[in-house]
Amino acid sequence: MTEPLIFEISSPGRCGASLPACDVPRTPLPAGMVRDDLPLPEVSEVDVIRHYVRLSQLNYGVDKGFYPLGSCTMKYNPKVNEVAARLPGFARTHPYQDPDSVQGNLTLMFELQEYLKELSGFAAVSLQPAAGAHGELTGVLIIRAYHQSRGDSKRTKMLIPDSAHGTNPASTSMCGYTTVEIKSDARGNVDLEDLRAHCDDTVAGLMLTNPNTLGLFDEHVLEIADLVHSCGGLLYGDGANFNALMGIAKPAQLGFDVMHFNLHKTFSTPHGGGGPGSGPVGVSQRLAQFLPGPIVVPAMAEDGWVGGPAEHADEHAEEHTGKHTEEHTEECHALRLAMPKHSIGRVKSFYGNFGVLIKAYTYIRMLGAEGLRQASQDAVLNANYLMHRLKDVYPLPYDRTCMHEFVLGGPPPEAEGVHTMDVAKRLMDYGFHPPTVYFPLIVHEAIMIEPTETESKATLDAFAEAMIKIAEEAVIDPDLLHSAPHVTPVTRLDETRAARRPRLRWVPPRQD
Amino acid sequence: MTYVPHSQAERQAMLAAIGVDRVEDLFADVPEALRFPKVSLPEPLSELEILQELQWMSESNADLDHYACFLGAGAYNHYVPSVVDHVISRSEFYTAYTPYQPEVSQGTLQTIFEYQSMICALTGMEAANASHYDGATSMAEAVLMAVAVSRGRRHKVILSPTIHPEYRETVRTYTQGMGLTVVGDDPGKLREGIDLDLEALKALLDSDTACLIVQNPDFFGQMESPAVLQELADAVHEAGAMFVVSADPISLGLFTPPGDYGADIVVGEGQPLGNAISFGGPYLGYFACKDQFKRKIAGRLVGETVDTHGRRGFVLTLVAREQHIRREKATSNICSNQALCALAAGVYLATLGKRGLRTVAELCYHKAHYAASQIAALEGYELVSKEPFFKEFVVRFPRPVSELNSYLLDEWGIIGGYDLGRVYPHLAGCALLCVTEMNSKGEIDYLVEALATANFQIEGSAGSREVGS
Amino acid sequence: MKIDKDCRYAETHEWVRVEGNEAVTGITDYAQDQLSDVVYVELPEVGDSFAKGEAYATVESVKTASEVYMPIGGEIIEINSELEAEPQLVNEDPFGAAWFVRFTIADPSELDDLMDADAYEKFIAAEGAKGGH
């Protein structure tokens with residue numbers, strides 16, 4: 001069941017678009033600069049629609065079924081978000097328009113900045129980074145800028161737990177830091193002794209994911225923050241797992257100095273097959289001046305102002321949020337874009353993934369504080385329920401209350417010769433998207449499961465039953481797993497061949 | 001509305017299975033004093049209510065459906081055919097995740113493979129990735145790649161001063177911790193306003209240069225000939241460095257692709273290809289290079305292979321380059337791509353195709369030239385641009401650009417050009433105007449009329465103006 | 001598990017074969033087995049010098065990238081360019097066709113720190129017992 005490539009259904013002379021005739025006098029094209037050929041496909045609109053519709057039917061999305069990818073938070077993407085982002089008043093605005101002509105956009109961004117501050121306890125937020133990894137790079141650059149501003153050039157190391165996502169050490173390398181790995185202890189927490197031994201004045205900070213990639217809330221998070229701060233380092237928070245914490249705890253109060261959010265995880269914006277996401281960064285007051293920009297500030301604010309401490313959030317919230325009516329808009333007009341005083345610089349062009357920000361904003365306005373807390377509570381409830389249904393069948397390396405996700409240690413030990421990959425592939429035959437596999441690296445044959453709060457008990461039970469069935473199959477008939485998947489559009493693909501002889505684009509067949 | 005389906009009975013059943021009384025008991029690891037803090041957010045709204053508010057908020061903006069737009073400068077008002085939104089609205093595409101499990105992701109994977117192929121076709125390159133966040137970060141990634149190709153032995157980056165200012169800023173932000181020197185783009189290096197001094201750029205080449213980057217068409221819409229750029233490429237290669245070109249993808253529908261004049265890496269902003277202008281994002285940065293560098297490309301790559309039955313299929317490949325494998329040794333930390341934006345670009349390119357894209361480019365070319373000639377003929381206005389240019393051109397205004405733009409917006413419903421004085425001090429008083437296939441002749445004539453009257457209607461000093469009817 | 005009697009071995013699973021005052025090195029059969037399908041080998045350039053224990057190459061499989069270390073120090077005089085097009089040679093013939101680099105030996109006494117074939121055989125047996133990979 002393969003669909004031809006768009007190039008393969010091309011037929012010379014076809015065009016799928018209708019364009020107006022040229023209504024102005026033509027100017028001669030510059031000689032020697034016009035290309036000879038443009039090897040793009042030629043297809044009709046019908047060809048285009050059928051091609052992409054058929055391709056879409058080869059995909060599995062959250063709208064089709066359960067998608068328990070750990071650390072990705074595949075929660076339901078509300079359709080109202082899609083309507084909101086397409087409102088022409090938003091979608092048809094140019095980033096360089098006079099700020100007075102886009103106050104609607106600036107209001108939405110300002111309020112979103114405020115909401116993220118309120119949820120996290122941070123003093124200031126930049127919405128510019130386009131993705132989680134982008135936010136991480138931003139955060140590490142901010143830490144670097146902070147130390148540099150204090151003339152503290154001895155700090156060359158960043159401490160990173162061994163359970164961390166690869167983007168953490170990759171981001172630190174990009175900023176010129178050396179990564180020093182910190183061990184996890186037997187309960188899945190950061191090993192305090194190992195951390196203590198490494199905390200000195202050559203350390204720029206610690207990058208901590210909390211809850212971590214094992215789905216566990218660090219039992220010593222306050223001590224960790226203290227250790228890092230007392231050696232003069234800063235605590236970076238990887239906010240990928242913030243879905244466990246909304247209304248449960250504020251990272252700034254836990255001791256984090258800087259954190260990125262993943263709007264496409266926690267705040268329901270769709271993953272799009274791999275993007276676009278959005279990775280805003282929140283910081284404590286002393287780091288606010290280093291944020292990337294521009295950010296949205298009241299027009300009357302001083303140059304370089306980036307907002308007051310989070311205690312004033314209520315004030316701002318009242319002033320700039322709430323129901324938007326005609327009078328209200330006139331009252332709280334006048335927002336502008338400004339660079340923080342000692343900004344690390346812009347991390348991309350323009351202001352951020354505005355179309356994604358709209359969706360997160362809409363989600364927050366629909367749920368409110370209680371709704372967001374409910375979402376986090378139910379995410380944690382669902383994960384613990386599923387963990388309890390599976391812990392006697394699959395190895396559970398850390399038998400603790402989990403947060404919004406949990407990690408199994410591979411197939412049951414009785415299933416000889418069966419690997420996590422086989423379990424994952426067999427799940428597809430049961431109509432489920434597999435969980436995250438082989439991450440985090442500190443668990444051998446890891447299976448990371450994050451159900452999210454938008455899944456019903458019935459779905460969780462169906463998934464648990466499939467996993468239990470597969471565990472049985474793994475012992476009785478392991479070949480069923482080795483040869484899986486069977487019912488998908490394609491069977492297991494030869495990734496070795498793809499890497500040894502890379503074919504990264506279509507090349508027309510040779511005319512022999 | 002929380003989108004959570006549980007009833008209280010179900011919650012109770014689940015809690016019982018876990019063995020706790022209340023859901024709050026699951027949070028015992030959170031320090032007690034900090035647990036369940038007060039969070040002040042606006043009261044939740046129903047779908048109806050939030051849409052009403054958003055409608056009001058969005059309608060308070062001046063948008064391009066209601067105002068004539070002559071503003072470009074890196075974000076462009078191009079026509080998006082209706083099929084594009086239909087395709088990217090299919091939830092099989094937009095609610096899917098990164099295609100790590102290829103057997104259930106062939107839709108995403110094949111569309112990215114097609115996108116990669118089309119970008120190669122446009123740019124004349126042999127390998128393209130699944131996209132970066134935008135044109136600016138794509139350029140920064142090109143710098144990272146050039147440094148990696150030099151095995152970290154070269155530390156100098158030469159940027160043309162006619163590259164988009166925000167791209168150059170982004171390159172500097174990205175590289176601030178890497179011990180590199182970024183040179184060449186002092187605005188003072190521009191001869192006679194907007195002309196690029198290529199000899200001055202070449203003079204900066206040495207054995208420490210990792211790459212030299214130009215934008216063509218440049219930020220001002222100016223174009224260099226392939227012959228001249230090939231000479232520049234040769235000089236760059238002679239110095240052992242990489243030649244990087246940033247190009248507007250619509251322009252590539254008409255003009256010689258950078259692959260034909262010596263580029264090693266081609267990057268640019270993919271927004272003009274089927275993506276909404278959306279106040280600056282989400283956009284996508286395209287990235288393409290020669291085959292010999294493919295193993296150093298950052299970001300996701302989709303490759304062709306076969307399944308156990310020998311059927312063609314697609315997978316993410318050359319994965320060992322990426323951050324989740326290389327970790328601190330990765331060239332870049334990038335994890336994601338702008339998948340849905342790349343899908344939109346692919347659908348756009350498929351829909352327009354060989355002839356359609358060329359037509360769009362020609363319309364932009366002819367309309368911009370028409371507008372430029374009409375404005376040049378107005379008293380008080382001077383066309384600064386020289387031939388050849390594409391889609392955008394620079395005009396010296398008789399009044400401060402911000403004043404003139406306010407006048408255009410308020411009195412004529414026109415969004416005017418980019419105020420170049422904001423980023424190139426010596427170009428104060430000059431505006432960068434953009435004309436695309438979206439601007440009819442009537443609209444262009446309307447702009448010209450507005451500009452003609454503006455010269456006489458706006459009085460003197462900032463903050464005071466008298467406007468006629 | 002194949003072991004070449006004429007080689008000496010590092011604990012990081014590289015072999016070295018001395019030929020006069022030059023040496024050739026690659027990775028062992030045990031190493032390639034741990035990596036499974038090798039898809040790419042990134043080699044240094046002729047003229048590069050490396051110290052004993054310094055990473056000089058990278059071997060990629062589909063899902064991993066591993067550094068390869070110089071068993072003893074030296075200057076690279078030849079690289080095996082066949083590996084670029086035929087990375088699977090590492091899996092098929094790790095001691096023969098899949099040599100990585102040839103180099104001039106900086107300090108022959110460094111050979112003394114390496115294991116001989118018998119010692120290496122015992123070493124990998126112990127690793128296997130630990131169940132590591």
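**Chains C and B**

The model is predicted, so local features need pLDDT of at least 70 and side-chain atom pairs pLDDT 80 or more, while totals for chains, interfaces and linings use all residues. Residues are numbered from 1 along each chain as written, chains are lettered from A in the order written, and side-chain values use heavy atoms, without hydrogens and water.

The two chains bury about 990 Å² between them, 41% of it on carbon and sulfur atoms. Buried area here is the accessible area (1.4 Å probe) lost on putting two parts together, summed over both. I noted 5 salt bridges across this interface. The rule asks for a side-chain nitrogen of Lys or Arg within 4 Å of a carboxyl oxygen of Asp or Glu. Glu45(C) pairs this way with Arg151(B), closest N and O atoms 3.6 Å apart.

**Helix 6 of chain B**

I then turned to Arg151(B), which takes a positive phi of about 55° just after helix 6 of chain B. Helix 6 covers residues 135-149 and reaches 21 Å from first to last C-alpha. Asp134(B) caps its N-terminal end, with a side-chain oxygen 3.2 Å from the backbone nitrogen of Ala136(B).

**Ile415(B)**

I checked Ile415(B), in strand 13 (residues 414-415) of chain B. It counts as buried because its relative accessibility is 5%. Leu71(B) is 344 residues away from Ile415(B) in sequence, yet 6.6 Å away in space, C-alpha to C-alpha. Beyond four places in sequence, the contacts of Ile415(B) include Gln97(A), Phe70(B) and Leu409(B).

**Chains A and B**

I ended on chains A and B, where 205 residues of chain A are in contact with 189 of chain B. They bury about 17200 Å² between them, 63% of it on carbon and sulfur atoms. Arg92(A), Tyr96(A) and Leu504(A) supply 5% of the area chain A buries there, more than any other three residues. I noted 13 salt bridges between these chains. In one of them, Arg86(A) meets Asp85(B) at 3.0 Å, N to O.

How values were computed. Helices (H or I, at least four residues) and strands (E, at least two) are DSSP runs, numbered from the N terminus. The expected span of a helix is 1.5 Å times one less than its number of residues. A polar contact is a pair of N or O atoms within 3.5 Å; within protein, one must be able to donate a hydrogen and the other to accept it, and residues adjacent in sequence count only if both atoms are side-chain atoms. Buried means under 20% relative accessible area, exposed over 50%, partly exposed in between (1.4 Å probe, protein chains only). Contact means heavy atoms within 4.5 Å.
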